Amino acid sequence: MWSLDLIRVCILLAFASLISSLEPQLGSTRVVFQTNYGDIEFGFYPTVAPKTVDHIFRLVRLGGYNTNHFFRVDKGFVAQVADVANGRSAPMNEEQRRVAEKTVVGEFSEVKHVRGILSMGRHDDPDSGGSSFSMLLGNSPHLDGKYAIFGKVTKGDDTLAKLEQLPTRTEGIFVMPTERITILSSYYYDTETENCEQDRSILKLRLAASAVEVERQRMRCFP
């Protein structure tokens, strides 16, 4: 028979494990990459990797990822966006280049590398993350705690599935598509603002309907 104290410890450990495995909260910002194979939308984990999120989102706002591409597509593993400084087909302006050449510290966490997760690329230096990042195409526990997770794909898994079906070639450790997968353009929006806009539209309709009803009652009671 187990002692009551041992049972309590087991319950607490199980509860702690459950809490640690819970998915972190997405922020309200959404980014959309419009590629020549379809759109991919993703959100950020600002509480998990705040510096990484700020850096990537600043590049997005500057249009840094426009004309960039996915240089790597390894089915079941990752689809990796090239670094902005070398991956774009369009020239960069001075501000884009200045931000693209910055690096961020490695914000490693307990979040797991599963399909749809966004994970920063880097060199051997753990603080060498720049502008290249991967979208996970499968579960990769061997990356856990070694690469900074900063968000996840929220829409467009069908587009990722299309990318996985493209012909590839192998160069060293990289599996690369034989055709260029271009990020034609990108944009971002705030889900909270969008909800407010919907609420405003509904309110306007209700107010308009109320005005019609008031006028109808006025005409009936005070012709």
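This is a predicted model: local features need pLDDT of at least 70, side-chain atom pairs count only at pLDDT 80 or more; totals for chains, interfaces and linings use all residues.
Which residues of helix α5 (residues 157-164) are buried?

1. Helix α5. Thr159, Leu160, Leu163 and Glu164 are the buried residues of this helix. Viewed down the axis of α5, these buried residues fall within an arc of 150°, so they line one face of the helix. An α-helix has 3.6 residues a turn, so residues three or four places apart point the same way.

2. Partners of α5. The buried residues of α5 pack against strands β1 (29-35), β2 (38-44), β3, β6, β7 (149-155) and β10 (181-190).

3. Strand β10. Leu184 belongs to this strand. Beyond its neighbours within four places in sequence, Leu184 is in contact with Gln34, Thr35, Asn36, Asn66 and Thr67.

4. Largest nonpolar core. This core has 35 residues, and the members that touch the most others are Phe33, Tyr65, Phe133, Met135 and Phe150. Helix α2 (residues 50-61) gives the most to the core, with five residues. In soluble globular proteins, nonpolar side chains tend to be buried together.

5. Met135 and the second core. With neighbours within four places in sequence set aside, the contacts of Met135 include Phe33, Ile40, Phe42, Phe70 and Phe77. Val78, Ala79, Ile117, Leu118, Val153 and Leu160 are also in contact with Met135. A second, separate core has ten residues, among them Val78, Ile117, Leu143 and Ile149.

6. The volume of the largest cavity is about 60 Å³. Its lining includes Thr52, Val104, Val105, Gly106, Phe108 and Met120, and also Gly121, Arg122, Pro126, Gly129, Tyr147 and Ala148. By class, this lining has seven nonpolar, four polar and one charged residues.

7. Largest pocket. About 460 Å³ of space lies in this pocket. Its lining comprises 22 residues, and those nearest the centre are Gln80, Gly121, Arg122, His123 and Ser132. At least two lining residues come from each of β3 (69-74), β4 (78-81), β5 (117-120) and β6 (133-136). The lining divides into seven nonpolar, eleven polar and four charged residues.

8. Gly121 and Arg122 line the largest cavity, and both are among the residues nearest the centre of the largest pocket. Strands β3 and β6 supply lining residues to that pocket and also pack against the buried residues of α5.

Terms used
Residues are numbered from 1 along each chain as its sequence is written. Side-chain values use heavy atoms; hydrogens and water are left out. A nonpolar core is a set of buried Ala, Val, Leu, Ile, Met, Phe, Trp, Tyr and Cys residues joined through side-chain atoms within 4.5 Å. Buried means under 20% relative accessible area, exposed over 50%, partly exposed in between (1.4 Å probe, protein chains only). Helices (H or I, at least four residues) and strands (E, at least two) are DSSP runs, numbered from the N terminus. Contact means heavy atoms within 4.5 Å. On a 1 Å grid over the protein atoms alone, a cavity is a set of points where a 1.4 Å probe fits but cannot get out, and a pocket is an open set with protein on both sides within 12 Å along at least five of seven lines; lining residues have an atom within 4 Å of a point. Grid points are joined across faces, edges and corners, and a volume is the space filled by probe spheres set on the points. Ala, Val, Leu, Ile, Met, Phe, Trp, Tyr, Cys and Pro count as nonpolar, Asp, Glu, Lys and Arg as charged, and the others, Gly among them, as polar. The arc is that of the directions from the helix axis to the C-beta atoms.
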